[in-house]
Every structure is written in C-alpha cells, then in structure tokens.
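Keep both open as you read.

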Amino acid sequence: MSGRARERLALEADLRGALERREFSLHYQPQMDLRSGALAGLEALIRWTHPVRGNVAPAAFIPLAEECGLIVELGDWVLKTACRQIRRWSDAGLAPRHTAVNISAVQLSRGRLLDSVRRALDEAGIAPEQLELEITESFVMLERELSFQSLADLRALGVRLSIDDFGTGYSSLAYLQQLKVHKLKIDMSFVRHMVNNSGNAAIVRAVIALGQSLGLEVIAEGVEQAAQARHLRELGCDVMQGYLFSRPLTGDDATAFLADAGKRTLTF
C-alpha cells in the first residue's frame with residue numbers, strides 16, 4: 001500500500017507539470033456511417049507521452065486528474081486544442097461533420113463548462129454545431145438538476161450532445177427523454193461480445209430501439225470485427241467506431257485521412 005501511495009504521488013507530480021511541458025496530445029478516431037460507409041465524424045482522445053514512463057494510459061491519469069482537481073485545466077486544454085484543429089480542417093476544406101470531445105463530470109459540476117466551451121469556440125472561430133460533447137450517463141443521472149441545466153445551456157449554444165457509455169450507469173428512460181441530447185453511444189463492453197453473447201446482443205438491440213424511438217442517432221464503440229458491424233447494421237445502428245476501420249490517429253494522420261475520406265468507404 002505504501003508503494004502504491006508513493007507511485008500515485010509521483011504520477012500526480014508528473015501530471016501537474018505535463019501541460020506546461022507539452023506532453024499531452026490529441027488523437028482522433030474516425031466514426032463511420034453504417035449505412036453509407038462514409039465518414040460520420042471524429043472523436044478526440046487525449047494521450048500523454050511521459051519522457052520516462054512513455055505512454056501513460058488515460059485510465060491511469062484521467063481519474064487521478066479528476067481527484068486532484070487538474071481535470072478542469074486539462075479539459076479546457078482539450079477543448080481549445082480540438083477547436084483549433086477543427087478550424088485548421090475547416091480552412092483546408094476538410095472538416096468532418098462534427099468532432100466529439102469527452103467532458104468530465106468534474107467539469108460539468110464546477111459550473112464553468114458553458115463558459116469554457118463558448119470561449120474555445122470563439123477563439124477558434126468555428127460553428128458550435130461542429131463540436132460534439134460526450135457526457136457519461138452516470139453523472140447525468142446522479143447530478144440531475146445541475147446536469148440538466150448545463151446541458152440545456154449547451155444545447156442552446158448550438159453544440160451537439162452525446163450520452164457516452166450508455167447502459168453502464170443509472171439509466172432512466174424518463175430523464176433521457178428530458179435531456180434532449182442528439183446521440184447515444186453504446187458502451188464497448190456490450191459490443192465486444194454481442195455476436196456470441198445473447199445477453200449483450202439483447203442490450204445492444206434494446207438501446208438501438210430506444211434511440212430510434214426517441215429520434216436519436218446511435219453509435220456503437222469498440223467495433224473490431226466485421227460480424228459485429230454487420231449485426232449492428234442489421235439492427236439499425238447508425239454509426240460505428242473502432243479498430244475495424246481505424247485506430248485513433250495523430251492530428252497529421254487524421255488530416256491525411258480526411259483528405260482521402262472521399263475515396264474511403266466501409267465495406268464488411
């Protein structure tokens with residue numbers, strides 16, 4: 001326990017200086033339309049390359065950043081960096097329909113998210129609808145009044161809203177209808193075994209049907225097999241994201257991907 005505590009303190013110390021040392025970067029994973037096979041959007045994913053530790057997994061440093069209060073500063077950096085990248089793509093005529101950014105529960109609970117998003121959009125000079133914010137379902141359900149108001153304000157601003165990891169938290173059909181988001185994301189834990197696990201397949205089918213009944217776009221993440229993609233398309237899922245088509249790409253590689261997007265179609 002003492003060793004783990006020392007390691008945690010060391011990682012936290014490294015994390016505090018990582019932004020200043022420019023050790024973070026954003027990678028972008030394509031999202032593909034399951035009907036047309038064309039590019040539907042991108043998701044921005046943060047990466048940390050430590051000079052000694054090497055690549056630090058987001059699962060290791062994101063919870064730590066939330067615990068020690070650094071996530072707000074880190075989240076602001078992600079928003080600004082993603083918006084600036086969207087602007088560069090727009091200037092080059094390559095911008096996707098939208099680019100998604102994950103939002104931490106701490107950012108939402110601090111009450112500053114609306115200002116942070118508005119500032120990032122204004123500084124980059126991009127349209128609000130080019131940005132999509134992904135919020136985890138569990139926090140929305142736990143902090144209902146605050147999250148409902150924050151999401152309503154963001155929706156009024158014009159950004160797209162997505163409920164991430166749907167089905168893993170405190171699902172409430174009544175509250176989902178009130179949220180008026182644009183998209184549901186099916187968690188990869190359900191998608192991964194949906195072909196050979198009837199329980200997972202039933203959950204995926206139910207989420208897709210729910211999204212369709214509410215007029216929401218449904219995206220499945222963690223798609224790695226052609227059989228999964230075919231099954232999702234048969235069930236009426238709108239969009240897929242996963243290694244089957246592309247791993248997360250660096251900014252430069254994502255730019256090259258977008259430049260070649262017209263020649264790419266998803267076949268399976």
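Predicted model: local features only at pLDDT ≥ 70, side-chain atom pairs only at ≥ 80, totals over all residues.

Residues are numbered from 1 along each chain as its sequence is written, and side-chain values use heavy atoms, with hydrogens and water left out. Helices (H or I, at least four residues) and strands (E, at least two) are DSSP runs, numbered from the N terminus.

Helix 3 itself has 21 residues and spans 30 Å from first C-alpha to last, close to the 30 Å expected at 1.5 Å a residue (the expected span is 1.5 Å times one less than the number of residues).

Another positive phi turns up at arginine 22, this time in a residue other than glycine, with a value near 60 degrees. Most residues other than glycine have a negative phi. Arginine 22 lies in the loop between helix 1 (2-18) and strand 1 (24-33), and it counts as exposed because its relative accessibility is 76%. The scale here is buried under 20% relative accessible area, exposed over 50%, and partly exposed in between (1.4 Å probe, protein chains only).

In soluble globular proteins, nonpolar side chains tend to be buried together. Here the largest nonpolar core has 71 residues, and Leu79, Val101, Val117, Leu131, Leu133, Ile186 and Leu232 touch the most other members. Helix 3 gives the largest share of this core, nine residues. A core in this sense is a set of buried Ala, Val, Leu, Ile, Met, Phe, Trp, Tyr and Cys residues joined through side-chain atoms within 4.5 Å.

What does valine 117 touch, not counting residues up to four places away in sequence? The list is Leu79, Leu131, Leu133, Leu154, Leu157 and Val159, with contact meaning heavy atoms within 4.5 Å.

## The largest pocket

The largest pocket has a volume of about 980 Å³. Of its 35 lining residues, Glu43, Leu45, Pro58, Asn102 and Asp164 are the closest to its centre. Elements giving two or more residues to the lining include strand 2 (39-50), helix 2 (58-67), helix 3 (71-91) and strand 6 (160-166).

The volume is the space filled by probe spheres set on the points, which are joined across faces, edges and corners.

By class, the lining has 16 nonpolar, nine polar and 10 charged residues. Ala, Val, Leu, Ile, Met, Phe, Trp, Tyr, Cys and Pro count as nonpolar, Asp, Glu, Lys and Arg as charged, and the others, Gly among them, as polar.

Two of the residues named above deserve a visit. Leucine 45 lies in strand 2 and counts as buried because its relative accessibility is 17%. Leaving aside residues up to four places away in sequence, leucine 45 touches Ser25, Leu26, His27, Gln29, Asn102 and Pro248. Proline 58, in helix 2, is partly exposed at 29% relative accessibility.

## Some C-alpha separations

| Pair | Apart in sequence | C-alpha to C-alpha |
|---|---|---|
| Leucine 179 and glutamate 66 | 113 residues | 24 Å |
| Proline 58 and arginine 160 | 102 residues | 24 Å |
| Arginine 16 and alanine 229 | 213 residues | 40 Å |
| Leucine 45 and lysine 183 | 138 residues | 18 Å |

Note on methods:
1 Å grid on protein atoms, 1.4 Å probe; cavity = no way out; pocket = protein on both sides within 12 Å on 5 of 7 lines; lining within 4 Å.
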